[in-house]
Amino acid sequence: MSKLKTESLAGLTEALAVPTYDRAAVRTGIVHFGVGGFHRAHQAMYLDRLMNEGKALDWGICGVGVLPQDSAMKAVMDAQDCLYTLVLKNPDGTREGRVIGSITEYLLAPEAPEAVIEKMAAENARIVSLTITEGGYNFHHVTGEFDAANPAVAADLEPGAVPATVFGLVTEALLRRRERGLAPFTVMSCDNIQGNGDVARRMFTAFADLRDPELGEWVRANVAFPNSMVDRITPVTTDADRDMVAEDFGVEDAWPVVSEDFEQWVLEDHFPQGRPPFEDAGVQVVDDVEPYE
């Protein structure tokens, strides 16, 4: 039984597809908040598909965990060189396994907030993407307005605070890019909520307004927040899934992902600093997502 690591890829069974590209040549272009099962079965899978075609090698993903419990994911990602197994369960009962290699680094914000901010502030980071769940957008469920009374948000707005929330981290990175004369990255929500880009725009701009009204105006005028529609059923990984991966594919993976075979991603084409050729991987890149919702 081989533990899933870079050096073990060459010895894995032919039944398990592995990255055909040189992962050492992949450069970070996307910083992603919320590396859970859905992200790893969806966005990261699409990038891996492109990379296996020799494309998008400058769009590698740096994953970020914001919550203390994300330390469990960091431990696994560090131990497995950010590799993991994606298993598709087909309607006829067959399974397809594939090792995904598009995530090249994982940072834990509570341990290294400065590293997370600088990763986004670097010129090569052109997209910051999100799967933070509906609750992560911090809007009041009655008014729909940004909840400035949230204690974590209020702490991030204190003068001189070290950012701890996704709002504080992303806004600080945008501020640094503005100060350095760098164009802002695109903020791409991949959460399953209607008008996800519009929601992200309202919430991040509201936080920036509270921090500095001038910064808020700059974000409103310069940062792109494309809408998207996403769909793929991805249950929580269980010990039975780990056992299945070991039995079927002969690899020890501490956190595989098991998913249905269906996939869909409809994405508004609004990326001022460029994007991977998602359409080449099966993404529907469109002018307006609303008809698909």
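Author: Helices here are DSSP runs of H or I with at least four residues, strands are runs of E with at least two, and both are numbered from the N terminus. In those terms, Cys-82 sits in the loop that links α3 (71–79) to β5 (84–89). The model is predicted, and the angles below are computed from it.

The backbone comes first. Most residues other than glycine have a negative phi. Cys-82 has a positive one, near 65 degrees, although it is not glycine. Buried means under 20% relative accessible area. Cys-82 has 4% relative accessibility and is therefore buried. Ala-56 also has a positive phi without being glycine, with a value near 60 degrees. This residue belongs to the loop between α2 (43–52) and β4 (60–65). With a relative accessibility of 10%, Ala-56 is buried.

Now to the helices, starting with α6, which spans residues 166–179 and includes Arg-176. Despite its charged side chain, Arg-176 counts as buried, at 14% relative accessibility. Beyond its neighbours within four places in sequence, Arg-176 touches Glu-114, Ile-117, Glu-118 and Ala-121.

Helix α6 also meets α7. Their axes come within 10 Å and cross at roughly 70 degrees. Angles of 65 to 115 degrees count as roughly perpendicular, so α6 is roughly perpendicular to α7. On the α6 side, the contact uses Val-166, Phe-167, Gly-168, Val-170, Thr-171, Glu-172 and Leu-175. On the α7 side, the partners are Met-203, Phe-204, Phe-207, Ala-208 and Arg-211. The residues of this contact divide into eight nonpolar, two polar and two charged.

Helix α7 (residues 196–211) packs in turn on α8 (residues 213–222), with axes 5 Å apart and an angle of about 155 degrees. Angles over 145 degrees count as roughly antiparallel, and α7 and α8 are therefore roughly antiparallel to each other. Their crossing is right-handed. Helix α7 contributes Thr-205, Ala-208, Asp-209 and Arg-211 to the contact. From α8 come Pro-213, Leu-215, Gly-216, Glu-217, Val-219 and Arg-220. Here the residues divide into four nonpolar, two polar and four charged.

Definitions and conventions: Residues are numbered from 1 along each chain as its sequence is written. This is a predicted model: local features need pLDDT of at least 70, side-chain atom pairs count only at pLDDT 80 or more; totals for chains, interfaces and linings use all residues. Side-chain values use heavy atoms; hydrogens and water are left out. Buried means under 20% relative accessible area, exposed over 50%, partly exposed in between (1.4 Å probe, protein chains only). Contact means heavy atoms within 4.5 Å. Axes are lines fitted to C-alpha atoms, for helices over the stretch in contact, and angles run from 0 to 180 degrees between N-to-C directions. Angles under 35 degrees count as roughly parallel, over 145 as roughly antiparallel, 65 to 115 as roughly perpendicular and the rest as oblique. A crossing is left-handed if the near helix is turned anticlockwise from the far one by less than a right angle, and right-handed if clockwise.
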